[in-house]
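The exercises below go through one structure step by step. Try each task on the structure before reading its solution.

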Amino acid sequence: MIQIRLHNTLTNDLQPLDPVHPGEVRIYTCGPTVYASAHIGNFRTFMFQDVLRRFLKSQGLRVMQVMNVTDVDDRIIQSAAAAGIGIREYTDKYIRGFLEDIDALHIQMPEELVRATDHIEDMVALIEKLQEKGFTYKSEGSIYFRISKFPAYGKLSKIDVAGMQAGARVDMDQYEKDDARDFAMWKAPKPGEHFWETRIGPGRPGWHIECSAMAMKYLGDTLDIHTGGVDLAFPHHENEIAQSEGATGKTFVRTWLHAEHLIIEGQKMSKSLGNFYTLRDLFARGHKPSTIRFLLLSVPYRRQLNFTEEGIVQARNSTERLRNFVTRLRTAQFPPGSNPETEKRIAQAENDFDAGLADDINTAMALAAIFDLVRDVNTAMDRGAFLQQDAPRAVAAMEKFDAVLALLEDDDDDKLAKLGFSPEKARMPAAEVDALIEERQAAKKRRDFKRADEIRQNLADSGILLEDAKDGSVRWKYK
Ligand code: AMP
Ligand code: ZN
């Protein structure tokens, strides 16, 4: 079997994957915080995890992946209260949306998708264990982890713990602490807000304890892999290590993998900056699920992914090239026989594909292996050197690649229809819309308002909504 090497944030180098339980890889993934719809930055990280798990499975490994859903935090509690509904009801809607989104993107469901609010008892038990071992203190009804008791604090993010300023806010909580670096595991209830009555007092869990408790419950004290976006390394994952290793005295995670951000116009895409697109925003603009999948997986996870319109166009063309290639293999007539050179070429591509992914999930290398093969086989076909019995062999190779990439199934229209978007073939193609909008702009410029209105009406009849921005530019979407 091929040696898989992954970049471990903890050691800051590539390390061979060596699962605790031979043949099975246990992975914990920080999942979505369900107070709003996920944006495509989030899906960049979830997509990386999907490629990782699919690749491990393609190598004959069993995968046990647990993903949490953070369905309790300050924003959720406040938003639910403002909407006059319970937090379960409030978050249900976003969890449903998340599941629909990952289905549209062909992101596989983890073996366990677990909600924080179903695991309060596990968190309480873990906090009790840390209390017994002297890692905690209470202040105004909240329970804190005392970082000075855990000397290894900072080993993941290489943060300078001594230099963390007193008074600096290292998390979003505003409670009284002995030391600014300490963090809340259990938060005292606030008037009018949701809380649980438990053995450690009334209140609600902090975010970090949630992941420690659920990871160890389902995966044991030591996990093989823990994943998340780079923004989670500190303080979230650092705090998970402190809690878990404080409680068990064992290594919590062998390999930490952190995905770089998806950025837009030079900035991290994030809910708080407001510079985000949800998946449905992109579908409303006529982009296909498979295009977004290609785009998100095409850039290796440790490189920033710059989100641009141009990138979308390339992703769409690339996906189409792959699909057209398989169609040609399946339907074209080739001269009888088989060509040993072709067999060699295909086997080479298979090796290169696996070698790319085994090298820290380098999807760019893996994709290059496929597109080189597509080019060479197309050339061989044109020369008449590609023969009948080579076709099923090439199809088998493409299917093998697709177990990891999941791009070949032409089900975009079905996925869109499921989410209430009209299938793409029933719509005016995006390029045509753009051309008409350009013509309308030109008409307006020469003060031909009759023509401009005509075009607007035309587009409206075809189910396209125009929005004229103040700066004169035009945004549009399908109704
Ligand atoms: P959240 O729902 O905010 O808890 O985030 C879910 C996941 O998305 C986490 O692993 C984050 O690190 C990740 N994430 C958030 N923003 C981005 C971004 N712009 N690019 C890539 N990953 C992100
Ligand atoms: Zn987490």
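**Exercise 1. Find how many residue pairs are in polar contact between domain 1 and domain 2, and which element gives the most to the side of domain 1 that touches domain 2.**

Step 1. Six residue pairs, both partners at pLDDT 80 or more, are in polar contact between domain 1 and domain 2. A polar contact is a pair of N or O atoms within 3.5 Å; within protein, one must be able to donate a hydrogen and the other to accept it, and residues adjacent in sequence count only if both atoms are side-chain atoms.

Step 2. On the side of domain 1 that touches domain 2, the elements giving two or more residues are α1 (40-58) and α3 (87-104). Helices (H or I, at least four residues) and strands (E, at least two) are DSSP runs, numbered from the N terminus.

Step 3. The most comes from α1, with 10 residues.

The model is predicted: local features need pLDDT of at least 70, side-chain atom pairs count only at pLDDT 80 or more, and totals for chains, interfaces and linings use all residues. Residues are numbered from 1 along each chain as its sequence is written, chains are lettered from A and ligands numbered from 1 in the order in which they are written, and side-chain values use heavy atoms, with hydrogens and water left out.

**Exercise 2. State how many residues of domain 1 and domain 2 are in contact, and how many salt bridges cross the interface.**

Step 1. The domain assignment, which is automatic or from a database, gives domain 1 (17-259), domain 2 (287-293 + 305-416) and domain 3 (430-478).

Step 2. Contact (heavy atoms within 4.5 Å) involves 16 residues of domain 1 and 17 residues of domain 2.

Step 3. Two salt bridges cross this interface, a salt bridge being a side-chain nitrogen of Lys or Arg within 4 Å of a carboxyl oxygen of Asp or Glu. D103 and K415 meet in a salt bridge at 3.2 Å, N to O.

**Exercise 3. Which atoms of G41, N42 and D231 lie by ligand 1?**

Step 1. For G41, a backbone N or O atom is 3.0 Å from a nitrogen atom of ligand 1.

Step 2. For N42, a polar side-chain atom is 3.0 Å from an oxygen atom of the ligand.

Step 3. For D231, a side-chain N or O atom is 2.6 Å from an oxygen atom of ligand 1.

**Exercise 4. Which peptide bond is cis, and where is N12?**

Step 1. F234 and P235 are joined by a cis peptide bond, with omega about 0°. P235 is in helix α6 (residues 233-248).

Step 2. N12, not a glycine, has a positive phi of about 60°. N12 lies in the loop between β1 (5-8) and β2 (13-16).
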